[in-house]
Amino acid sequence: MTNSPVTIIGAGLGGLTLARVLHVHGIPATVYEAESSPTARAQGGMLDIHDYNGQLALRAAGLMDEFSGLILEGREATRMVDRDGTVLFDQPDDGTGGRPEVQRGELRQLLLDSLPPGTVRWGHKVSGTRALGGGRHEVTFADGGNVVTELLVGADGAWSRVRPLLSAATPEYTGMSCVEVYLHDADTRHPASAKVVGGGALYVLAPGKGFVTHREKGSNLHTYVMLARPQDWFTDIDFTDPAAATARVATEFDGWAPELTALITDADTAPVLRPLAALPTEHRWERVPGVTLLGDAAHVAAPNGEGANLAMLDGAELAQALAAHPDDTEAALTEYEHAMFPRSAETATEGTELYALMFGDDTPHGLISMFTGEERGD
């Protein structure tokens, strides 16, 4: 058995930001991660890091200069087209936006590289947690090892193994899933699709369905095929047969322009199903000594561009609170949660409203009005 003053479960962006900002303030922490290595799986696609949350966290971490080197120029461009390929809205990236785009994997590696060697313990899958009294907790790992800690932070995502210490809530299906596919080297191999996507993000929206596509590095096009369908509908699709699954998903977009449906039908990768789940919008808990949550473990919501940013800000603010109250962990946790609860509830509510604009009966016109209204400064 080992002992650690600050134990972080999960080496995602939130947990790593917490560890980094603690390190900046001279506070040691250990991060336990189930994955076997930093490269055990792909780290997702693009992230827009916002000047009002994610960038604040990076500033607290002392990493803004390094972050600037990861930014992909031009990717803040936004385009919406109708299902027949007609451009409805086209906003270029003029360099004045506050949401620069980076690759998630590169941002995670930046955070990992900023930590002292040995901070992250890979291959530690949590099998259980229990309270020992006095604010101390024991974490047991699948390999039989365990750790006792005076402060336990669950940064372990939507299906957190730490959350049950604080809350009986579990994420529930939102009614929508996305199917992820890629086109590689699209400018050369898929020029018609590359042209319609443009330089940044493409939205093709209809009631209950649509495409959200991002231009990533190397002219790779990363498409999230959004479908508001019951989970049983997806269960009937055999995703172990990529060709059949791709064809079945594509039939939901019959009649759409070929350069759009090619984003699915010509995919260079097997389709990956991702059901979207969320905790209750107002999810919170009573203060329990010695344990808290951040990021998706605390407030997973339907993806709305804020999840990674919120997780990073959670991590930074928790670290700053601990640094400000070195002899009173409970005061630090209370201060952190007091700010985090209303912020996450507000963002989840805004996300629900955004999904109504994107996939409701009035789409895409309501969303276009939101964008053009912002342009006017309304």
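Which residues do ring pairs link into a cluster with F211? In this predicted model, the partners of F211 are F253 and W256, and ring pairs join these residues into one cluster. One member of this group also has a charged neighbour: K209 lies over the face of F253, 5.5 Å from the ring centre.

Let's look at the ring pairs themselves. A pair of aromatic rings is described by the distance of the centres and the angle of the planes. With ring centres required to lie within 6.5 Å, the count comes to seven aromatic pairs. Two of them are set out here.

| Pair | Centre to centre | Angle between planes | Arrangement |
|---|---|---|---|
| W233 and F234 | 4.9 Å | 80 degrees | edge-to-face |
| Y355 and F359 | 5.6 Å | 55 degrees | tilted |

The pair of Y355 and F359 is tilted because its planes stand at 55 degrees, and an angle has to be over 60 to count as edge-to-face and under 30 to count as stacked. Both residues belong to helix α12 (residues 329–359), where they are four residues apart, about one turn of the helix. Y355 has a relative accessible area of 14%, so this residue is buried. F359 is buried as well, because its relative accessibility is 9% and the cut-off for buried is under 20%.

Methods
Residues are numbered from 1 along each chain as its sequence is written. This is a predicted model: local features need pLDDT of at least 70, side-chain atom pairs count only at pLDDT 80 or more; totals for chains, interfaces and linings use all residues. Side-chain values use heavy atoms; hydrogens and water are left out. Rings of Phe, Tyr and Trp (its six-membered ring) pair if their centres lie within 6.5 Å; planes under 30 degrees apart count as stacked, over 60 as edge-to-face and the rest as tilted. Helices (H or I, at least four residues) and strands (E, at least two) are DSSP runs, numbered from the N terminus. Buried means under 20% relative accessible area, exposed over 50%, partly exposed in between (1.4 Å probe, protein chains only). A charge sits over a ring if NZ of Lys or CZ of Arg is within 6 Å of the ring centre and within 35 degrees of the ring normal.
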